[in-house]
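Work through the exercises below with the sequence and the 3D view open. Try each task before you read its solution.

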Amino acid sequence: MLIPIGDETPTRTTPWVNYILIAANCGVFLYALYHGLSETWILKFGHRAVHHGGWTLLTSMFLHAGWLHLAGNMWFLWITGDNVEDRLGHLGYLAFYLLAGVSASLAQDRFMQGSLQHIPSVGASGAIAAVMGAYLCLIPKGKIRLGCFVWLFPPIMLFSFALPAFVTIGFWFWEQSQAHLFQVVHGVTSPVGYAAHCAGFLFGAIWVMLLALTGQVRCDWMSRRGRAD
């Protein structure tokens, strides 16, 4: 099994906001788990499509359905978030993250039909998908290291290698988009919010491209094109 284990692009600043977001997600999960509030909080603070908005668009971003859900989201945020925060700045990154999460949830709402509209959705994956989309556009050739693991307990890494972000993240987006397309075409549902992932990714990519075009952020591919001209 291939799992991303890190990236090789250095940052110039300390990603305090990314640390806080990861700590907040982990803290909420552990507190709810310790006090037996996990199910209660998901029912109360999870977002339901039938509400068509509301404060649960924000609260649901800091709730997770289980250990694997939390660990997967936070790991991808750890790998990519520091570089995006480095380019957008601390406050810019925070605003981007929250707005992306809300937008991704609203996009997911459009594909929730019937009784599914009443099921609470939780997780930060829409916002994290936006961070990944931003990373891809900001640093397309930034190397992301993948480890090949044998799934034992504990897992054993056989070897690792690095690929550029446009390959690793690009392939991830292709997988998500194909899964979402399959759901739409065949009218099936899944507990995974593929629509939120795709919408979040596109939000992040478009956001940083607009910032780059107005000179507010540096995209590597635009900088290199400019030097070549």
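**Exercise 1. Find the bridge partner of Ile3 in strand 2.**

Step 1. Go to strand 2, residues 143-150. Strands here are DSSP runs of E with at least two residues, helices are runs of H or I with at least four, and both are numbered from the N terminus.
Step 2. Look across from Ile3: its bridge partner is Gly147.
Step 3. Widen the view to the whole pair. Strand 1 and strand 2 are joined by 5 bridges, in the antiparallel sense. Two strands count as paired if DSSP finds at least two bridges between them.

A note on the source: this is a predicted model, where local features need pLDDT of at least 70 and side-chain atom pairs count only at pLDDT 80 or more, while totals for chains, interfaces and linings use all residues. Residues are numbered from 1 along each chain as its sequence is written, and side-chain values use heavy atoms, leaving out hydrogens and water.

**Exercise 2. Work out the strand order of the sheet, and explain why strand 1 and strand 3 stand at the edges.**

Step 1. Read the order: 3 strands run 1-2-3 in an open sheet, with antiparallel pairing.
Step 2. Check the edges. Strand 1 (2-7) and strand 3 (156-164) each have a single partner strand, so one side of each lacks a neighbour in the sheet.

**Exercise 3. Decide whether Ile79 is buried or exposed, and list what it touches.**

Step 1. Locate Ile79 in helix 4 (residues 67-88).
Step 2. Apply the cut-offs: buried is under 20% relative accessible area, exposed is over 50%, and partly exposed lies in between (1.4 Å probe, protein chains only). Ile79 has 4% relative accessibility, so it counts as buried.
Step 3. List the contacts (heavy atoms within 4.5 Å). Leaving out residues up to four places away in sequence, Ile79 touches Pro4, Ile5, Gly6 and Asp7.
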